[in-house]
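User: Hi! Could you walk me through this one?

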Amino acid sequence: MLSKEQNDLLTRVEGDAPMGRMMRENYWVPFALSSQLVPGEAPHMATLLGRHYVALRAPDGRIGFFDEGCPHRGASLALARVEEGHLRCIFHAWKFDITGQAVECPTETGARAAAFCSRVKLTSYPVHEAGGLVWVWLGSAVEAPPFPDLPFVGELEANSFLTVSLGQCNWLQGVEATLDSAHVGTLHTTWISGIKTQRGGNIGLSLDGPPRYEAEVTDYGLRAAALRPLAGGRTYVRITEYLTPFISLAASNGTKTREGVIFITTPVDDERHLMFFGLYSDREKQDPVAAAIQPPDGKPDLYNYAPLPGGREARWGQDRALMAAGHFTGFGNNVLEEDMVVQASMGPIVDRSREMLSMSDVAIVKARRMMLAALADYEAGKLPPGSALGKGQVVLPNPIDTVIEPDQNWNEAAALIPA
Ligand code: FES
Ligand SMILES: [Fe+2]
């Protein structure tokens, strides 16, 4: 349970809210799949932390990321014409190159026109393309923080995939669902039963009741272990790595290799987020069509994999006939739709002063405490967790699931891979 003030501190990102400021200054923020930025296509519209931007890819592959408003009189550059890697505002036809420099300002004529135009520049931000995503740094300091060493970036990119969908609620509801292994066996029970027979492995063990959680603070965030007792004193360990503030890597299914499920919860504004979902693996190429976003009929939409089937008045599109036929939730399109619906049903920003947390919420409580401490550190001029991680970090987060013996420690058994 949080006070209203604490809840506001943790959730709100718009305007001058501390969490929004901390995210802008200290973290690279993913805003699109690489495949969403195509040369020649309309500018990509991005709303991040409550502010509007546009992004463009030039024919040579370079990406520009700018404030949405034209510097002349503020018309949206989302409406701009795209001319060979340039943006031309449709209001008075000012034209900008991929760095944001104005190259034509037709409303300014005469001897000083060229000098005037050379002084006009879009406000632009550094971008970094990695792991199938395009990331931006929205901070104001001279230098961007180092880009973090992430396990799905680099050599494993060829095997991984990512998708994206719009979540209709505050970003923290998305993060907290990833630290809540207890819901997997309930909310997703119908899906789990289906894949248990197909795939086997440890995943079926997550049906065996709610877990006990233990969580350890790391230099990048939190290592949360969901522990479920098995026969003979053994324990099923399922680890989620939380990289503050918005990346969670969850165990895939019974491997001790570098493999995992990616959830990234980019705040759009106070009441919406982009939920990037994907898989990475050092064993084999991951297939988005075979993954959790596959609807029972038809192909998944990789740019909108879990659109809400309805709002509150329509009970979020729940299919009660499907429930009567045996489906646990009545949301049969794909497993992530179930997540998106329950998170939206909690309200745009859930009131955490009214909740009654139980034993399975230990990781969520720890994550909140850590983020409140990170905010206090940030306000005191210190670096929050994960923000300075670069090539020098000692360990890579590695979400695994495994079975340990009675005398084994979960953190040793689930050993971290040295970088
Ligand atoms: S507002 Fe863009 S050119 Fe005038
Ligand atoms: Fe879920």
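User: Let's start with H2: which residues are buried in H2?
Analyst: In H2, the buried residues are Met19, Gly20, Met22, Met23 and Asn26. They span an arc of only 165° around the axis, which puts them on the same side of H2. The arc is that of the directions from the helix axis to the C-beta atoms. A residue is buried if 20 or more other C-beta atoms lie within 10 Å of its own, exposed if 12 or fewer, and partly exposed in between, with C-beta atoms placed from the backbone. Helices (H or I, at least four residues) and strands (E, at least two) are DSSP runs, numbered from the N terminus.

User: Before we go on, what should I know about the model and the numbering?
Analyst: This is a predicted model: local features need pLDDT of at least 70, side-chain atom pairs count only at pLDDT 80 or more, and totals for chains, interfaces and linings use all residues. Residues are numbered from 1 along each chain as its sequence is written, while chains are lettered from A and ligands numbered from 1 in the order in which they are written.

User: Thanks. What do the buried residues of H2 pack against?
Analyst: They pack against H1, strand S1 (29-33) and H9. Contact here is between two residues whose C-beta atoms, placed from the backbone, lie within 7 Å.

User: And H1, which residues are buried there?
Analyst: Asn7, Leu10 and Thr11 are buried in H1, which runs over residues 4-11. Their arc around the axis is only 85°, which puts them on the same side of H1. Their cover includes helix H2 (18-26), helix H4 (171-178) and helix H9 (362-379).

User: Zooming out, how many helices and strands does the chain have?
Analyst: There are ten helices and 20 strands in the chain. Its radius of gyration is 23 Å, close to the 22 Å that the globule rule gives for 419 residues, so the chain is as compact as a globular protein of that length. The radius is taken over C-alpha atoms, and the rule is 2.2 Å times the number of residues to the power 0.38. Along the principal axes, the C-alpha atoms fill a box of roughly 85 × 50 × 45 Å.

User: What share of the residues is buried?
Analyst: Buried residues make up 41% of the 419. As for contacts with a separation of 6 or more, 60% are between residues 24 or more positions apart.

User: How is the chain split into domains?
Analyst: The domain assignment gives domain 1 (28-136) and domain 2 (157-418); such bounds come from an automatic or database domain assignment. Their C-alpha centres lie 35 Å apart. Twelve residues from domain 1 and 13 residues from domain 2 take part in the contact.

User: Which strand gives the most to the domain 1 side?
Analyst: S1 does, with four residues. By class, that side of domain 1 has seven nonpolar, five polar and no charged residues. Ala, Val, Leu, Ile, Met, Phe, Trp, Tyr, Cys and Pro count as nonpolar, Asp, Glu, Lys and Arg as charged, and the others, Gly among them, as polar.

User: What about the largest nonpolar core, which members touch the most others?
Analyst: Of its 94 residues, Val29, Ala55, Val136, Ala224, Ile262 and Phe276 touch the most other members. The core draws at least three residues from each of domain 1 and domain 2. Such a core is a set of buried Ala, Val, Leu, Ile, Met, Phe, Trp, Tyr and Cys residues joined through C-beta atoms within 7 Å.

User: What is Phe276 in contact with?
Analyst: Leaving aside neighbours within four places in sequence, Phe276 is in contact with Pro30, Leu133, Leu162, Val164, Ile262, Ile264 and Thr266.

User: Switching to Phe66: buried or exposed?
Analyst: Phe66 is buried, with 24 other C-beta atoms within 10 Å. Its place is in strand S4 (residues 63-67). Beyond four places in sequence, its contacts include Tyr53, Leu77 and Leu122.
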